[in-house]
Amino acid sequence: MDDFIVDYLLEFQEGLAQFENELLELEKAPESATILSSMFRIVHSLKGSSGFLGFQKMAQLAHEGEDLLGRLRDGRLRLSPQLTSGLLAMVDGMRSRLSVIEATRAEDDRDDSDLLTRLRNLQAGVIDEPPLPTVPPKAPIKKKPKAPAESAPALRSQSAAPPPAPSPPARTEAAQAPLPVTEPANVDRGDFESEQAAIGGATIAGATVADTTIRVDVALLDKLMNLVGELVLTRNQLLRSSVVGDEAMQQASTQRLNLITTELQEGMMKTRMQPIRNVWSKLPRVVRDLALACGKQARLVTDGEETELDKTIVEAIKDPLTHIVRNAVDHGIEPPEVRAGRGKPAEGTLRLRAYHEGGMVNIEVSDDGGGIDSARIRRKAIDRGWIGGEQGAAWSDRELFGLIFRPGFSTAESLTMVSGRGVGMDVVKSRVEAIGGSVEVQSRLGEGTTIKLKIPLTLTIINALIVSSGGDRFAIPQGNLIELIRLHGEALGRSLASVHGAAVCRYRGGLLPLLDLNQILKIAPDRAVRDTESLNIVVLQADDQRFGLIVDRIDDAQEIVVRPLARQLKGIACLAGATIMGDGRIALILDVFGLALQLSGEHQRTAATSHHEVQAPVQSGDDRRPLLLLLGTDGSPFAVPLEQVDRLEAFPSSTVEVVGDRPLVQYRGTFLPLIDAADWLAGRASRRGERGSGREETPWQVVIHAVDERRVGLVFDGVLDVFTDRITVAGEPSRRGVLYTAALQGKATEVLDVPTIVQETLRSSVFALEA
Amino acid sequence: MTSNRQLCIFSLGDELFGIEVNRVQEVLRSQQMTAVTLAPRFIRGLINLRGQIVMAIDLRQCLELSPFDRDHSPMNLVVRTEDGPISFLVDRIHDVVDVTEETFEGAPPNLHGVLRKLIRGTYPLRDKLLLALDVDALLNLIDSAAG
């Protein structure tokens, strides 16, 4: 019997999803006979199945829906917004009944008479349904920036109001029915849940039975069968050749085995791939309901819905995507009058685009709404003290947009019922990053906003670094890995320090908090390794926190298959899973976010290096960054912070060409523009390219600095020294491109702001075209 | 009418325990284990069971008995559960025996501590008493102890 019910649930969920989408399409093409027939057939068959299994109330609901559709199909009724809403209410009602059936394998005896009456009235052409769920824009709840707690209860109670379908309490009960969905442990779900309730039940029931089954293309299964057949043959060959002692055959078979295994792996991964359409299918309804509620007009356009994603990822991005879409409708798209005033069509367009690129799936959500006002963000950030006033002026738009992902951020002037204060973008970011992806925002004021998500193709196979501690091996996901450090002998003593009892290490001009893997895991360190005068440190990044993990040994980098831990072990924060290594032994996979939690309070203060703080210009108070002292081409020294130096190169002058007014050299497949530091500072055009400068034969010595993917070279005449100790800052920046002046080797020397120099040069020169 | 059950017998020290044979997936000799040091003590580690990662539970700890002998390699009794197989570390694994319900007696009142919750009752076996282990109660205990 239970098999029947499982099939029924699956059939119903799919049928409802299709029905809903067809209904939304019908809104745009109300006369379409094909759509109407299809919808009628769906409801008819759902009615039949429900009756067969004895679910009378469901059958009754379906019956009224069928009747309504019959009239539409026969032309006795015409589609109207009220009719559409009525049918959507029926869908919601059915979904919530379905949840109950799934949990209890029986119907509850809740009363549907309101809904039934509504449907009957619609059949009779009587229009009396409750008013559409709108929040009049004239009466928003005024946002009080200092009191978020007050608004949250208001949000929740109001969210029970929309679509007047079967009682909301029943829906929340249904939502609590056991759902076999696992969630990333370290993310706050609070706001998503209130939003889910407000969506009108569209997504709550959808996460259950459908998750335990998957559709696979038969051709793919055939291919896999063939591969397994070949695997068997190769296995036989291998066995035979090892028994018989035929080494050549053994080798050939092993290679073949390798090939087949790879193909089988790829094939199996494909079976789990689902088109992103499955995630997007619910969004048209979300957009429609939300637009109605906000008094706006919006439509959803999709591109690339066949783009495939692994099933594990599909679950993880459903919520973040829904949230982004809601944000776009609620905060992005302007009300029709405003749009008309801006010369835009009254209906806003939300474009969803998905495509594969570089081993990742790219998902873009664009709207043609009002865009993000970076000036407002800047003001808000300054108000909140996130950036200082002067620094604030220097931040680029891109950096400001990044602030949207900070917890507690919102520039919405007033709270609207539906998506709160725009709270949740921080959760979107952390959820996406938790699965190894990234989020980016682009926007043009008045024109619109695009949010780009980049997520990996699959979660189950990852690149990892294998390390050893205490005799056991552990895997660290490469996505969180920044670099590896080995401290040796003297450097060891110099670099390690202790800040209020927390171990730290000097690292690239700052301090890196340190964690000892052996201590965290409570295992005895491998004394043989630890007693030598060296330390292996793995530098990791979890969100904003950068820290170093001390391990006994660093082994290898390899691809591993992620296996989940037993349920009873899932609660351990530092562990993300396990994997079986090539020799059959098990290695535990470390959870970098869980490790970061181990950082003590003091550590966290040191560790919290916000991306933006690192990029902002350094104040003259900073006196501990290593400096490279160089001789300029005019004979005067200047200095460059060591961390801004990628490498030093020397180019024979024959390789240097002059294009326009700028010397450049071909380097690593691209053009490397060369800037003479001394000339730049003096505001002179470069002299070295000129004849007669007496420098034709000497090689050009260059400091290479990278900005994003592009590199620029800073020309100098010689290296004088490297300073790593405290520097006495002698003065404020004297001119553009200078960070500060310091007394080095007894002389007042300017310390250059390489990024600024580079950016300005790129912007103003011929090379700006490449940007 | 006599009803027969089949129990898989294993021993911890001098005591004999029995688990219904249809709950037992397989028995293995001592396997290489990877410790999970942050887990509760009774979870000894993880073993590789033909490509599946299976938790190994120290049954002596669960039943509050004295710890395993350092030199002794425990055997693995792999039990089927809802979430997949779980392996229990025991001293020795013996036969599968038939027992009849008629000879079943309730758990002796002098069973101490946690054993009282985990032992369903006893069957006489030659000169010893076989303690029938309630697998589900044991699994529940593990769940609640794991937190």
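Is F651(A) buried or exposed? I began with this point in the predicted model, and I recorded F651(A) as buried, with a relative accessible area of 7%.

**Entry 1. The ring pair of F651(A)**

I then looked up the partner of F651(A), which is Y667(A). The ring centres of F651(A) and Y667(A) are 5.7 Å apart and the planes stand at 85°. I noted the pair as edge-to-face because planes over 60 degrees apart are classed in that way. I placed F651(A) in strand β23 of chain A, residues 647-651, and Y667(A) in strand β25 of chain A, residues 662-667. The two residues are 16 apart, and the pair is listed as a link between distant parts of the chain. Y667(A) also counts as buried, at 7% relative accessibility.

**Entry 2. Other aromatic rings**

I asked how many aromatic pairs the structure holds over all chains. The count is 6. I looked up a further pair, Y8(A) with F55(A), and found it tilted, at 5.3 Å centre to centre and 45° between the planes. Y8(A) belongs to helix α1 of chain A, residues 2-28, whereas F55(A) sits in the loop between α2 (33-52) and α3 (56-73) of chain A. I recorded Y8(A) as buried because its relative accessible area is 2%, and buried means under 20%. F55(A), at 5% relative accessibility, is likewise buried. I also noted that ring pairs join Y8(A), F12(A) and F55(A) into a cluster.

**Entry 3. Helices α4(A) and α12(A)**

I next examined helix α4 of chain A, residues 81-104, against helix α12 of chain A, residues 283-294. Their axes come within 13 Å and cross at roughly 125°. The two helices are therefore oblique to each other. I recorded the crossing of α4(A) past α12(A) as left-handed. On the α4(A) side, the contact is made by P81(A), T84(A), S85(A), L88(A), V91(A), D92(A) and R95(A). On the α12(A) side, I listed R285(A), R288(A) and D289(A). Sorted by class, the contact of α4(A) with α12(A) has 3 nonpolar, 2 polar and 5 charged residues.

**Entry 4. T450(A) in its strand**

I located T450(A) in strand β9 of chain A, residues 448-456. Which residues does T450(A) contact, leaving aside its neighbours within four places in sequence? I found E364(A), V365(A), S366(A), E440(A), V441(A) and Q442(A).

**Entry 5. Positive phi values**

I looked for backbone exceptions, bearing in mind that most residues other than glycine have a negative phi. K522(A), which is not a glycine, has a positive phi near 55°. I placed K522(A) in the loop between α20 (517-521) and α21 (527-530) of chain A. K522(A) counts as exposed, at 63% relative accessibility. In chain B, E64(B) has a positive phi of about 60°, although it is not a glycine. E64(B) lies in the loop between α1 (59-62) and β6 (75-79) of chain B.

**Entry 6. Chain A as a whole**

The chain has 26 helices and 32 strands. Of its 771 residues, 47% count as buried. Among contacts in chain A between residues at least 6 apart in sequence, I noted that 68% join residues at least 24 apart.

Note on methods
Residues are numbered from 1 along each chain as its sequence is written. Chains are lettered from A and ligands numbered from 1 in the order in which they are written. This is a predicted model: local features need pLDDT of at least 70, side-chain atom pairs count only at pLDDT 80 or more; totals for chains, interfaces and linings use all residues. Side-chain values use heavy atoms; hydrogens and water are left out. Axes are lines fitted to C-alpha atoms, for helices over the stretch in contact, and angles run from 0 to 180 degrees between N-to-C directions. Helices (H or I, at least four residues) and strands (E, at least two) are DSSP runs, numbered from the N terminus. Angles under 35 degrees count as roughly parallel, over 145 as roughly antiparallel, 65 to 115 as roughly perpendicular and the rest as oblique. A crossing is left-handed if the near helix is turned anticlockwise from the far one by less than a right angle, and right-handed if clockwise. Contact means heavy atoms within 4.5 Å. Ala, Val, Leu, Ile, Met, Phe, Trp, Tyr, Cys and Pro count as nonpolar, Asp, Glu, Lys and Arg as charged, and the others, Gly among them, as polar. Rings of Phe, Tyr and Trp (its six-membered ring) pair if their centres lie within 6.5 Å; planes under 30 degrees apart count as stacked, over 60 as edge-to-face and the rest as tilted. Buried means under 20% relative accessible area, exposed over 50%, partly exposed in between (1.4 Å probe, protein chains only).
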